[in-house]
Amino acid sequence: MDKPPDFAMSRAVEILAQIYERQRRASEVPPPPLDRVAQLFNETMAFDVTKTTRAQVERALGVAFSYPVRGWHTYCVSGGDLGREFVSLFYQSPGLAEDPLVSAEVYLPKAKAAPALAPRNLGRVRLIPGEIAIGTQIGSLPESFARVEKPEGLGPYDAILQAQFPGGVAYAMGSSNVVERLAIYALRA
């Protein structure tokens, strides 16, 4: 005949079940949003999807190269020891000087068809708040970043993290625990 579990064993199972339930419920709660607007920033320009316009960018950086497809405006900047990085921008309605910026990304160009643009030394582009740059360890991102499931066909990244901020959303993407792409997108009504 089986012996009934003793009190200590029953209590241990009960405690483990409570811990599991707390963790399960906690994982369903999104992380706190960033307390201010996220920007891609360097010493030359702050890319803010809540207020930067095409005219401001072109005054600071000049005319961009159209890459990866029509509508995107791409600049090549020095990424320090990592070589060149691309900064790609998308505006609400291409062609107008006062078009608001709706998307800004900085990334390591991985496509074989990427243009051979010479990098400009404008200072490292990083995501603020947090001073997150290409090459940052994914595990060191602020608690406001939560992992999201990778959409089909997104590309070479095995980790995608997202953080909400007033007026938009920020992403950090990478592989082998290293950030290789940072992006901010406006949320427009």
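Me: What pattern does the chain follow, read along the sequence?

Reply: Along the sequence the pattern is α-β-β-α-β-β-β-β-β-β-β-β-β-β. That comes to two helices and twelve strands. Helices (H or I, at least four residues) and strands (E, at least two) are DSSP runs, numbered from the N terminus. This is a predicted model, in which local features need pLDDT of at least 70 and side-chain atom pairs count only at pLDDT 80 or more, while totals for chains, interfaces and linings use all residues. Residues are numbered from 1 along each chain as its sequence is written, and side-chain values use heavy atoms, with hydrogens and water left out.

Me: How is a sheet read, and which order do the eight strands of the open sheet have?

Reply: Strands of a sheet pair through backbone hydrogen bonds, either parallel or antiparallel. Two strands count as paired if DSSP finds at least two bridges between them. Here an open sheet of eight strands has the order 3-4-5-6-12-11-10-9, and its pairing is antiparallel. Its edge strands are strand 3 and strand 9 (146-147), each of which pairs on one side only.

Me: What is the order in the open sheet of four strands?

Reply: That order is 2-1-7-8, with antiparallel pairing. Strand 2 (46-47) and strand 8 (132-133) are the edge strands, each pairing on one side only. Two bridges join strand 1 (residues 39-41) to strand 2 in the antiparallel sense, and Phe-47 in strand 2 is the bridge partner of Leu-40.

Me: How many bridges join strand 4 to strand 5?

Reply: Seven bridges join strand 4 to strand 5 (residues 84-91), and the two run antiparallel. On its other pairing, strand 4 (residues 72-78) meets strand 3 (residues 65-66) over two bridges, again in the antiparallel sense. His-73 can be followed across: Ser-66 stands opposite His-73 in strand 4, and His-73 stands opposite Leu-89 in strand 5. Strand 5 also pairs with strand 6 (residues 101-107), antiparallel, over six bridges; there the bridge partner of Phe-90 is Ser-103 in strand 6.

Me: Which residue takes a positive phi in the hairpin of strand 3 and strand 4?

Reply: Gly-71 does, with phi near 105 degrees; the hairpin has five residues between the strands.

Me: How is burial read, and is strand 4 mostly covered or mostly open?

Reply: Buried means under 20% relative accessible area, exposed over 50%, and partly exposed in between (1.4 Å probe, protein chains only). Strand 4 is mostly covered, with six of its seven residues buried. In a regular strand the side chains alternate between the two faces of the sheet. Helix 2 (residues 54-61) lies across strand 4 and strand 5, at about 35 degrees to strand 4. Such angles run from 0 to 180 degrees between N-to-C directions, with axes as lines fitted to C-alpha atoms, for helices over the stretch in contact. For the chain of 189 residues, 41% count as buried.

Me: Where does Trp-72 lie, and what is Trp-72 in contact with?

Reply: Contact means heavy atoms within 4.5 Å. Trp-72 lies in strand 4 and is buried, with a relative accessible area of 17%. Leaving aside neighbours within four places in sequence, its contacts include Phe-65, Tyr-67, Leu-89, Phe-90 and Glu-105. The C-alpha atoms of Trp-72 and Phe-90 are 5.1 Å apart, although the residues are 18 apart along the chain.

Me: How many aromatic pairs does the structure hold?

Reply: Rings of Phe, Tyr and Trp (its six-membered ring) pair if their centres lie within 6.5 Å; planes under 30 degrees apart count as stacked, over 60 as edge-to-face and the rest as tilted. The structure holds four aromatic pairs. One of them is edge-to-face because the rings of Tyr-67 and Phe-86 have centres 5.7 Å apart and planes at 85 degrees. Tyr-67 lies in the loop between strand 3 and strand 4 and Phe-86 in strand 5, so the pair ties together parts 19 residues apart in sequence. Both residues are buried. Another edge-to-face pair is Tyr-171 with Tyr-185, at 5.8 Å centre to centre and 65 degrees between the planes.

Me: Which residues do ring pairs link into a cluster, and which residue lies over the face of Tyr-107?

Reply: The cluster consists of Tyr-67, Phe-86 and Tyr-107. A charge sits over a ring if NZ of Lys or CZ of Arg is within 6 Å of the ring centre and within 35 degrees of the ring normal. Arg-181 lies over the face of Tyr-107, at 4.0 Å from the ring centre.
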